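Reader: I am new to this structure and would like to know what stands behind the words used for it. Please show it to me.

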Amino acid sequence: MSPTVLITIISLSAIALTAAVILYFVAQKFKVYEDPRIDEVQAVLPAANCGACGFAGCRNFAEALVEADSFEGLVCPVGGASVMEEAARLLGKESPAVEPTVAVLLCNGSPEFRHRTSVYDGSADCRILHNLYIGESDCSYGCLGKGDCVRACNFDALHMDPVSGLPVTTDDKCVSCGACVKACPRNLFELRKKAKKDRKIYVACSNRDKGGPARRACKVACIGCGKCQKVCAFDAITIENNLAVIDAFKCTFCRKCVTECPTNAILEINFPPRKPKVEATAESINS
Amino acid sequence: MLKSFPAGGVHPAENKLTAGNPIEYLPVPPSVTIPVSQHIGAPATPLVAKGDKVKTGQLIAAGKGYVSSNIHSSVSGTVNKLDHVIDGTGFRQPALFIDTEGDDWVDTIDRSADIIRDITISREEIIRKCQEAGIVGLGGATFPSHVKLSVPSGKKCSLLIINGVECEPWLTSDHRLMLERGEEVLIGATILMKALGTDRALVGIENNKPDAILHLKELSSGFKGITVHPLKVKYPQGAEKQLIKALTGREVPSGHLPIDVGVVVHNIGTALAVYEAVQKNKPLFERVVTIAGKSLPRPGNFVVRTGTPIIRLIEAAGGMPEDTGKIINGGPMMGKAVYNTDVPVVKGMSGVILIPMSESSRKEVKPCIRCAKCVTVCPLGLEPYLLMTLSLKGLFERAEKERITDCMECGSCSYTCPAYRPLLDYIRLGKSTVTRLSREKNLK
């Protein structure tokens, strides 16, 4: 072995050793302690990074869970009860009950019910249309149908129905992250409590105009007549600004309001067909 | 070499079909719909109720607060109802519906054809009269004129500019006013000069109206301090800041008003309305509207009462052509397609343009080819392609830094884009979002 090679090996080794020693001390000096439980909790979370919990991503949410004294107000809607329980078990804390919710569209204004009175040929973007004018129908509250919500959904839970021109939620896929709620410029989405068999009863309308103009704009508009409120035995229905709202937590799915509604603005979804007498009504509503 | 503003600008086909058509009076319609918000600022508060009898020129809604404007009845008759109407902005607004019975004017209005040249009243009186008469900028922005005339303390107005540019294609209402009511317009300008406390006024007119330039030049020799200046034809020269730059070389900084450089700009139509309000006691309830379109049988310029449904105007022009695709409220560059033909004429409506279906539809959007044509034509030196992308991606803070709120929505970028990208659509969206976000931030 020539002396050149020997000198090279020795000098390089010496440099490497010095650097290693310096790096060791620097690493000790600037060490940041990170709770190992954060990694564990993050592994449990769905890694969707959707922001539904209110944090920037799953990592931030995991940090918040580890630091928090109780899980009050901290919920991962995507993971639901199972994920929250798992996280609680890892951290040795109590997990509050998580109510699963699902996004529903508070509008049923398909062209069949809500006449299109103008044609919009600009950019297919609800926000632009909403800023520009009242929309293609006379209803200034209803769905614009340009699919901002569909583009906002990261879970493939929304798609546009080509016939009705309205977005449809696939309940199994919806994780109630709230992206569609934020995306809709007309605030037409509501995260509603999930019931068994995906049953839903809700007022599919957001029109806050008085009865006359609302009805002229759309055949299935809520006119705020109050009939549903009177028939409801559980105080689940309130009427504000000419619009009825059914409280999902008080509703017992008795379906009395559905038949009472003169404009068929209240929808019942995933119910078995009714007895022949009222079947026609139920069918026309579901269609 | 003719003057113009230096940066950007386009020159769309002028299509001034109605430049040779004298102004006609449109018959008073059987009913009118008068929106209570025909101006920038707070909507006016209605003063009449259902069943009330009103006269032509009567105050029917009072301006609420300082930046607001009075609304006067344009017909005599009975108030039918107070309801909502979808007006030229495309949104539902409260409006007064009046059924016409005859045409009985308020007694104080001087209806004679005499031209009164002597200005007898004081500066404050002029501003008060403009406020009472509900005068707003008739170029299209409808900013209440009395606010513009009240020079804030500490600032001085050294120059009045009368805007006779009419840079929008198709429109000829200001052109006809200059030719037919030139003297009254110049008296109006003198009144405005007195109100502003300045002794100098420039009238800017684009060179595609040589007859108007000649006519006003001849007339202006009889008026002290008023000079007429021809300008190179370039859109958007009618924009306030661009016109100031073109005529005086002064540049209004971003976020400032023309008064900060000692200038106030008023439109030809506004000058005439000021003349009528001050000398004739006539409130603003009618205006000249150009109705034009390639296949319209009888296009023209009409004096229309506010609240008249535009279908009356179209009928007067020979009826709606079958191939109509869009009806534009205003000029084709900055105007907005109307919702239906019942939309009422308002103070700010300078024209109604009928565009055939073949020309009105949007073309297929293609990817940006980075040609920078939009940057070249932007009169404000913005980068429209970038602003569109930022708005599309939701990067509103960056858009604010790129001065998105400076955009005046002239549409030169969308007009010139070879890939037919909806630049202005997204810039408008970004602009409104940025404005909303900064308002929310200020509230916190």
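Reader: Where in chain B is P236(B) found?

Author: P236(B) is in the loop between β11 and α6 (240–248) of chain B; helices (H or I, at least four residues) and strands (E, at least two) are DSSP runs, numbered from the N terminus. This is a predicted model, in which local features need pLDDT of at least 70 and side-chain atom pairs count only at pLDDT 80 or more, while totals for chains, interfaces and linings use all residues. Residues are numbered from 1 along each chain as its sequence is written, chains are lettered from A and ligands numbered from 1 in the order in which they are written, and side-chain values use heavy atoms, with hydrogens and water left out.

Reader: What kind of peptide bond joins Y235(B) and P236(B)?

Author: The bond between Y235(B) and P236(B) is cis, with omega at about -5 degrees. Most peptide bonds are trans.

Reader: How do you know how confident the predictor is in chain B?

Author: From pLDDT, the predictor's confidence in each residue, from 0 to 100. Chain B averages 93, and 100% of the residues score at least 70. The model scores ipTM 0.89 and pTM 0.86.

Reader: Why is V228(B) called buried?

Author: Buried means under 20% relative accessible area, exposed over 50%, and partly exposed in between (1.4 Å probe, protein chains only). V228(B) has 8% relative accessibility, so it counts as buried. This residue belongs to strand β11 (residues 226–231) of chain B.

Reader: What is V228(B) in contact with, leaving aside its neighbours within four places in sequence?

Author: Contact means heavy atoms within 4.5 Å. The partners of V228(B) include V203(B), I205(B) and L216(B).

Reader: Why is Y420(B) called partly exposed?

Author: Its relative accessible area is 37%, so Y420(B) counts as partly exposed. Y420(B) sits in the loop between α13 (412–416) and α14 (423–443) of chain B.

Reader: What makes chain A more spread out than a compact globule?

Author: Chain A has 11 helices and 8 strands. Its radius of gyration is 28 Å, well over the 19 Å that the globule rule gives for 287 residues, so chain A is more spread out than a compact globule. The radius is taken over C-alpha atoms, and the rule is 2.2 Å times the number of residues to the power 0.38.
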